[in-house]
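Welcome, and please load the model in your viewer.

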Amino acid sequence: SLLAEHGLYESITYSFVSPRGLDRLRIPAEHPWRKTIALANPLSEEQSVMRASLIPSLVEAVALNTRRQVTDVRLFETGKVYIPRALPLDDLPEERWTLAIALAGQALTHVWGSPSRPVDFFDLKGIVETVLETLGAPGEFVRAEHPALHPGRTAKLVVGGNDVGWLGELHPEAAQAYDLKERVYVAEIDLELVFAAAGPTVRYVPLPRYPAVQRDLALLVPKAVDAASVESIIRREAGPYLREVGLFDVYEGKQVPEGYRSLAYSMTYRSDDRTLTD
């Protein structure tokens, strides 16, 4: 319901898939997605193995839509993936509830007259953040690599200290294999790990009675340091009156040393029982 409210359409695909989808996504032989369960009597080669990921089917759905001139695609699917404990099978496989999301085409615009733009990584990241916040399971996005995704535009998702999924732009070679002309963004999340980390979704507090104090802080940081890591340190060190912190500017260029960038954060401080002083 939450994803539908945000303009996504639910996709329901088969649990039986073709191994050729993994070839198109550039999945190497040693990757966990390759450990699939072959059916003894498949109806066709297109449905010959049990899926270990929802992504191949969802990307195929995006490609099917674009071939029908439906270029703005916002899909999600919740379903089970089937992970064998050993191959050949000597026991029932592990079945895990999983969420997958795929975005392509133009981003949704909510204001009349606002310029159109293609969807990007941050549209997808925002949707994932909304899901996690609603479930009460805040996560951390960490730079990562995945064979199906574009290098440099990929992140893994960490919730409760566990790697629960990943998100990013489909690799250009994978997009070409599906004859996709536009950029496609996909995410896959292990819902069972997220649910295990979920907590209270709503906490009520009184409206603030005292004014807030705003401070901006600009830091020179090596490019290898993630902005999220800097924000985590600010939240840890800023003291008990910090209420909000957010990145509002990133600058690289003149007056910034090579290999560095300037990250500017806005911080809001407030006390619940008095007006703060400088």
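Which residues line the largest cavity? Select Val-17, Ser-18, Gly-21, Leu-22, Trp-33, Thr-36, Met-50, Arg-51, Ala-52, Ser-53 and Pro-56. A cavity is a set of points on a 1 Å grid over the protein atoms alone where a 1.4 Å probe fits but cannot get out, and lining residues have an atom within 4 Å of a point. About 60 Å³ of space lies in this one.

Before going on, note that this is a predicted model, where local features need pLDDT of at least 70, side-chain atom pairs count only at pLDDT 80 or more, and totals for chains, interfaces and linings use all residues. Residues are numbered from 1 along each chain as its sequence is written, and side-chain values use heavy atoms, leaving out hydrogens and water.

Trp-33 sits in the loop between α2 (20-24) and β3 (49-50), and Trp-166 in strand β8, 133 residues apart. Both Trp-33 and Trp-166 are buried, meaning under 20% relative accessible area with a 1.4 Å probe, protein chains only.

Next, show Val-62. Val-62 touches Val-73, Leu-75, Ala-102, Ala-104, Leu-180 and Val-184, not counting residues up to four places away in sequence; contact here means heavy atoms within 4.5 Å.

Methods: 1 Å grid on protein atoms, 1.4 Å probe; cavity = no way out; pocket = protein on both sides within 12 Å on 5 of 7 lines; lining within 4 Å. Points joined across faces, edges and corners; volume = space filled by probe spheres on them. Helix = DSSP H or I, 4+ residues; strand = E, 2+ residues; numbered from the N terminus. Buried < 20%, exposed > 50% of the residue type's maximum accessible area, 1.4 Å probe, protein only.
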